[in-house]
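Please read the following walk through a protein chain with the coordinates open beside the text.

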Amino acid sequence: MDRRVTLKTLLAGSIAATSSAVDALAAPRKTTHWTSNFLEFDPITRFRQGLRVQRSLADEADVLHWYHFTMVAIPIGSAPVPVVRWEGIELSHHRRIGTDRYRMHGHNLSFPRALDSGSFVDDVLNPLPGERVKVPPMALTSDPGSVISPSGIIRLDAPGVAPRPEYRVFRREGDYVKLDAIRVAPAGWPVTFIEMGCESTPAKSFDDARLEWLPAEVSGGYVFPWPAWMNMGKTPGHMFAIWRGYKLRDIDELPLEFRRRAAGEFPQLLQVDRKQFDTPIPGLHPG
């Protein structure tokens with residue numbers, strides 16, 4: 001008798017559960033729509049909001065970005081192939097030199113990592129010729145500096161040139177405000193170069209006008225010529241890299257493994273050389 005009662009109870013429960021599942025499938029699903037709205041700003045407001053997200057509205061400040069990225073080789077006529085990972089930083093400084101006008105200078109430092117394990121490496125397989133190549137750390141210290149304003153950017157390798165407009169588009173998505181941007185390269189850089197990025201900051205922070213510096217998650221990609229270490233010679237093609245990281249307050253927030261290596265090999269690149277800021281800019285365009 002007890003067994004019969006138990007079986008009847010289990011059967012009744014199974015029927016009820018099946019009925020509930022069928023009812024749930026038949027019921028209309030409540031959909032939550034993501035919101036995505038472009039934000040319209042006048043040129044000065046757009047410039048100042050961009051500073052908050054990308055840098056800081058402070059008259060003078062260091063700005064640090066930390067990121068991981070992967071380089072992909074793109075040969076002409078065959079499939080792209082990943083080559084090496086990197087971990088790096090971009091550290092720069094700006095100083096206000098006029099109303100909504102700032103002078104900037106900075107550098108990048110990156111160390112190669114293995115594609116699969118992520119461990120630091122000093123050589124990788126170049127899959128195109130099928131040979132191992134030495135990969136040195138990448139210290140980019142040739143930034144000529146720039147002057148930025150709502151009118152655009154003046155790269156200081158050509159200071160007399162009128163400001164070139166910068167692409168900045170804001171959009172509010174859910175609980176975040178995102179800034180899509182295209183970086184204007186120095187006038188003397190290779191023709192095959194473009195860098196595009198997206199910075200995302202909490203809308204709650206963005207809406208607080210008291211905040212001069214906003215936290216940001218950053219991502220993007222760039223196209224550039226073969227690096228010398230790949231030994232590609234005159235083989236046609238170029239590289240593509242995709243990156244993702246964060247804007248940090250200062251070097252104290254860097255991962256310890258990266259900071260220790262940087263401090264051991266390139267201690268001078270954990271700060272910005274400010275001597276350039278005390279040098280006049282001859283022939284600077286007034287724009």
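Leaving aside neighbours within four places in sequence, Ser56 is in contact with Leu51, Ala61, His94, Glu212 and Trp213, where contact means heavy atoms within 4.5 Å. The model is a predicted one, in which local features need pLDDT of at least 70 and side-chain atom pairs count only at pLDDT 80 or more, while totals for chains, interfaces and linings use all residues. Residues are numbered from 1 along each chain as its sequence is written, and side-chain values use heavy atoms, with hydrogens and water left out.

Ser56 itself is found in the loop between α2 and β2 (60-75); helices (H or I, at least four residues) and strands (E, at least two) are DSSP runs, numbered from the N terminus. With a relative accessible area of 5%, Ser56 is buried, a word that stands for under 20% relative accessible area, with exposed for over 50% and partly exposed for what lies in between (1.4 Å probe, protein chains only). A polar atom of the Ser56 side chain lies 3.1 Å from the backbone nitrogen of Ala58. Along the chain, Ser56 and Glu257 are 201 residues apart, and their C-alpha atoms are separated by 27 Å.

Where does Gly287 lie? Gly287 is found in the segment after α4 and is partly exposed, with a relative accessible area of 26%. Although Gly287 and Ser151 are 136 residues apart along the chain, their C-alpha atoms are separated by 6.8 Å. Beyond its neighbours within four places in sequence, Gly287 is in contact with Arg101, Ser149, Ile154 and Pro163.

The aromatic rings come next. The structure holds 14 aromatic pairs, for which rings of Phe, Tyr and Trp (its six-membered ring) must have centres within 6.5 Å, and planes under 30 degrees apart count as stacked, over 60 as edge-to-face and the rest as tilted. Phe41 and Phe170 form an edge-to-face pair, at 5.3 Å centre to centre and with 85° between the planes. This pair links distant parts of the chain, 129 residues apart, since Phe41 is in the loop between β1 (36-39) and α2 (43-54) and Phe170 is in strand β10 (residues 167-173). Phe41 is partly exposed, with a relative accessible area of 21%, whereas Phe170 is buried, at 2%. Elsewhere, ring pairs link Tyr67, Phe69, Trp86, Trp189, Phe193, Tyr222, Phe224 and Trp229 into a cluster.

Charged side chains also meet rings, a charge being taken to sit over a ring if NZ of Lys or CZ of Arg is within 6 Å of the ring centre and within 35 degrees of the ring normal. Lys247 lies over the face of Trp213, at 4.6 Å from the ring centre, and Arg261 lies over the face of Phe120, at 4.8 Å from the ring centre.

Arg261 leads on to helix α4 (residues 256-265), in which Phe258, Arg261 and Ala262 are buried. Seen down the axis of α4, the buried residues fall within an arc of 100°, so they line one face of the helix; the arc is that of the directions from the helix axis to the C-beta atoms. What covers these buried residues includes β3 (81-98) and β4 (101-113), while the face turned away from the buried side carries the exposed residues Leu256, Arg260 and Gly264.

Conventions: A polar contact is a pair of N or O atoms within 3.5 Å; within protein, one must be able to donate a hydrogen and the other to accept it, and residues adjacent in sequence count only if both atoms are side-chain atoms.
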